[in-house]
Amino acid sequence: MSDDEWNHIIRSAKQGESGPWTCPECDEYTVESGQRFEQGHVVEHTLMCFACQAEVVAPA
C-alpha cells in the first residue's frame, strides 16, 4: 500500500473533492469517498476502491 498516495486522496476528500481517484493498490480509476456525520458535521471519511475493495478510513 502506498501511504503517500492514500494520504493525497484523503487530503483531497477533506478539501471537498468528490473523486473518483486512481487506486494506489490496483491502479483502477474507481476510488470513491463516503462520509459519516454526527450532529450535522462530518466526523469521518471513508475511501474505497470498487475494483479491489481496498479501503481507508480517516477522521475528518
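This report describes the fold, the sheet, the nonpolar core and the salt bridges of a predicted model.

## Overall make-up

The protein chain contains one helix and three strands. Followed along the sequence, these elements come in the pattern α-β-β-β.

Along the principal axes, the C-alpha atoms of the protein chain occupy a box of roughly 35 × 20 × 15 Å. Of the 60 residues in the protein chain, 27% are buried. Among contacts with a separation of 6 or more, 23% are between residues 24 or more positions apart.

## The sheet and the helix

The three strands form an open sheet in the order E1-E2-E3, and the pairing is antiparallel. Strand E1 (31–38) and strand E3 (55–59) are the edge strands, and each of them pairs on one side only. From one strand to the next, the twist averages 20°.

Strand E2 covers residues 41–49; E1 and E2 run antiparallel and are joined by eight bridges. Within this pair, Val31 stands opposite Cys49 in E2. Helix H1, residues 3–14, packs on the sheet and touches E1, E2 and E3. The direction of H1 makes about 140° with the direction of E2.

## The nonpolar core

The largest nonpolar core has twelve residues in all: Trp6, Ile9, Ile10, Ala13, Trp21, Cys23, Val31, Leu47, Cys49, Ala54, Val56 and Ala58. At least two residues of this core come from each of H1, E2 and E3. The element that gives the most to this core is H1, with four residues.

Ile9 is one of the core residues. Apart from neighbours within four places in sequence, Ile9 is in contact with Trp21, Thr22, Pro24, Val31 and Leu47. Val31, one of these contacts of Ile9, is also the residue that stands opposite Cys49 in E2. Both Val31 and Cys49 are listed in the largest nonpolar core.

## The salt bridges

Side chains of opposite charge can pair when their charged atoms come close. In this model the count comes to two salt bridges. One of them joins the side chains of Glu38 and Arg36, with an N to O distance of 2.6 Å. The other partner of Arg36 is Glu44, and here the closest N and O atoms are 3.3 Å apart. Both pairs count as salt bridges because each distance, 2.6 Å for Glu38 and 3.3 Å for Glu44, lies within 4 Å.

Arg36, with a relative accessible area of 37%, is partly exposed. Glu44 is partly exposed too, with a relative accessible area of 22%. The value for Glu44 is 22%, so Glu44 does not count as buried, a term kept for residues under 20%.

Notes
Residues numbered from 1 in each chain as written. Predicted model: local features only at pLDDT ≥ 70, side-chain atom pairs only at ≥ 80, totals over all residues. Heavy atoms only, no water. Buried < 20%, exposed > 50% of the residue type's maximum accessible area, 1.4 Å probe, protein only. Pairing = 2+ DSSP bridges. Axes fitted to C-alpha atoms, helices over the stretch in contact; angles between N-to-C directions. Contact = heavy atoms within 4.5 Å. Core = buried A, V, L, I, M, F, W, Y, C linked by side-chain atoms within 4.5 Å.
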